[in-house]
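Please look through the sequence and the structure below, and then follow the explanation from one surface site to the overall fold.

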Amino acid sequence: NEAREATKNEAREATACHAKIKIILLIQDQMVASSLLFCFVPSLKNSAFTGNNNAHQPRTRSRSVTATAASSSSISTDPNIDLLPEIREAIAEADGEQAWKESAQLLSDLLDSSEEEAELYLADAFRWKAWANASDMMKRFQKPTLPNAEKVREALSWLKEGPLEMSDEQVRSNIRDYPGIYLVEPIQSYRKVMGSAPRKYRDAAVLKELINDDPNILQVTYNCDGEGCQSECGSCWVAYESRLPSIPEF
């Protein structure tokens with residue numbers, strides 16, 4: 001009996017020993033695998049990122065090629081270019097086709113641009129762009145106007161030869177930024193500005209200096225300080241004066 005018991009104990013110990021050895025070997029295998037994975041994944045990751053960069057990164061183009069492409073495609077990529085056919089059709093129906101074409105040509109010559117680009121500035125200034133972008137229902141509330149080629153010519157001439165004495169580049173820049181202000185009766189706007197401005201700004205030289213700093217000032221034609229508030233804050237001198245630069249001595 002003792003011999004049998006001893007044999008059983010030896011068998012149990014051997015089984016336990018084999019189990020421990022298996023566990024140790026399994027742990028070692030996992031540690032080796034983890035170590036290999038730790039070393040392999042970064043290189044795989046770097047390789048993957050390098051591959052993605054090469055796949056999705058556009059090739060660098062020369063500046064001259066890029067500039068040429070941008071210049072030649074500036075109008076074709078303007079989303080508003082698609083509005084021109086509808087605008088032209090509506091203008092033709094209003095018997096304004098000739099005046100529109102003459103005005104566009106005047107502007108095209110000044111801006112040294114295509115007729116399409118000139119038309120887009122006209123469409124913005126005379127509210128045809130807003131009309132074309134409106135829904136069929138809202139079009140009824142839009143009030144676009146037809147340009148008068150002679151008045152457009154007069155406005156362009158006055159901006160350069162009038163009291164503001166703008167250079168060609170100033171006129172071009174201001175029309176591009178504020179077509180509605182500088183193409184639609186700027187002479188009348190100037191008179192309104194001079195009539196509503198606080199006294200210290202009622203000088204052509206001062207106003208010219210202000211316009212050089214902010215061309216948008218030509219639409220500040222109201223002053224609630226003397227006329228009472230009429231909810232014209234965007235065009236009011238009282239609201240605008242706080243944002244004006246200091247006035248130089250003349």
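**From a surface site to the whole chain**

Phe-141 counts as exposed because its relative accessibility is 55%, where exposed means over 50% relative accessible area, buried under 20% and partly exposed in between (1.4 Å probe, protein chains only). This is a predicted model, in which local features need pLDDT of at least 70 and side-chain atom pairs count only at pLDDT 80 or more, while totals for chains, interfaces and linings use all residues. Residues are numbered from 1 along each chain as its sequence is written, and side-chain values use heavy atoms, with hydrogens and water left out.

Phe-141 lies in the loop between helix H6 (128–133) and helix H7 (149–161), and together with Met-137 and Met-138 it makes a nonpolar surface patch of about 330 Å². Patches consist of residues with over 30% relative accessible area and no salt bridge, with like charges joined within 9 Å and nonpolar side chains (Val, Leu, Ile, Met, Phe, Trp, Tyr) within 5 Å; a salt bridge is a side-chain nitrogen of Lys or Arg within 4 Å of a carboxyl oxygen of Asp or Glu.

A patch of negative charge is formed on the surface by Asp-109, Asp-112, Glu-115 and Glu-116. Glu-116 belongs to helix H5 (residues 115–125), and it counts as partly exposed because its relative accessibility is 34%.

Across the protein, the secondary structure comes to 13 helices and 0 strands, where helices (H or I, at least four residues) and strands (E, at least two) are DSSP runs numbered from the N terminus. Of the 250 residues in the protein, 30% are buried.

Key:
Accessible areas come from the Shrake-Rupley method with a 1.4 Å probe; for residues, only the protein chains shown count as cover. Lys and Arg count as positive and Asp and Glu as negative; His and the chain ends are not counted. The place of a charge is taken as NZ of Lys, CZ of Arg, CG of Asp or CD of Glu.
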